[in-house]
Amino acid sequence: MLNIVLFGPPGAGKGTQSQKLIAHYHLVHLSTGDLLRAQIAQGTELGLRAKKLMDEGLLVPDEVVIGMIDSALNANKAAAGFIFDGFPRTVPQAESLDRLLAQHQATIGCMVALEVGEEELVTRLLERGKTSNRPDDQDETKIRRRVTVYNTETAQVAGYYAAQHKFHALNGIGIIDDIFGQVCAVIDQHQAAANETPVAAIREVQA
């Protein structure tokens, strides 16, 4: 099973690359935001718990998010793998995800981060805001705040995956297909290595 964490600040092109990766590797897209909305719409126990917290203005705890991911994994047991979008964003979340995947006899293959400078991101998002109708794409102050939050969170998670030799940062500026080729090269390299010693890799996570 191929599992990828694709990171990138708002406007880095992560959405475009995610769709290409999903089609190329036949992966299931796991967006925590989408999972949350789906659970709430279905009225599941996890969804009702999350809605209650959100209605009170509180953050949904990691254990609830992990529970939703576990449900998604169980619902897609025949999947070739998953691409994680928006999760993990903290080291405790990354640790919880590793433990969960180990229970499914799987692990994260690699984390790829698309790097784009702040000024370029601001330009892209303001342009996107002309058609996206998203207020946070139309306010430069909010855009810069989102980029700052991303950089702060990712720095910690990047270190976690770097310690496992799974983190790769790639330039997110350039021709879309060229960037896609670079992302695929990283993934293929990790996939080849994992196929050599899959059991050892899983045992290492469980330890």
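## A buried phenylalanine

Phe84 has a relative accessibility of 1%, which is under the 20% limit, so the residue counts as buried. This value, like the others in this report, comes from a predicted model. Phe82 is buried as well, because its relative accessibility is 0%.

## Aromatic pairs

A pair of aromatic rings is described by two quantities, the distance of the centres and the angle of the planes. In this structure there are 3 aromatic pairs. One of them joins Phe82 and Phe84, with 6.5 Å from centre to centre and 40° between the planes, and this pair is tilted. Another consists of Tyr160 and Tyr161, whose ring centres are 5.2 Å apart. The planes of Tyr160 and Tyr161 stand at 85°, over the 60 degrees required, so this pair is edge-to-face.

Are Tyr160 and Tyr161 buried or exposed? Both tyrosines are buried.

## Charges over rings

Which ring does the charged end of Lys20 sit over? That ring belongs to Phe180, and the charged end of Lys20 is 4.9 Å from its centre.

Arg89 is placed over the face of Phe7. The distance from Arg89 to the ring centre of Phe7 is 5.9 Å.

## A threonine in a loop

Thr107 is found in the loop that runs between α5 (91–103) and β4 (110–115). The relative accessible area of Thr107 is 15%, under the 20% limit, and therefore Thr107 is buried.

The side chain of Thr107 also has a polar contact, at 3.1 Å, with the side chain of Lys166.

Terms used. Residues are numbered from 1 along each chain as its sequence is written. This is a predicted model: local features need pLDDT of at least 70, side-chain atom pairs count only at pLDDT 80 or more; totals for chains, interfaces and linings use all residues. Side-chain values use heavy atoms; hydrogens and water are left out. Rings of Phe, Tyr and Trp (its six-membered ring) pair if their centres lie within 6.5 Å; planes under 30 degrees apart count as stacked, over 60 as edge-to-face and the rest as tilted. Buried means under 20% relative accessible area, exposed over 50%, partly exposed in between (1.4 Å probe, protein chains only). A charge sits over a ring if NZ of Lys or CZ of Arg is within 6 Å of the ring centre and within 35 degrees of the ring normal. Helices (H or I, at least four residues) and strands (E, at least two) are DSSP runs, numbered from the N terminus. A polar contact is a pair of N or O atoms within 3.5 Å; within protein, one must be able to donate a hydrogen and the other to accept it, and residues adjacent in sequence count only if both atoms are side-chain atoms.
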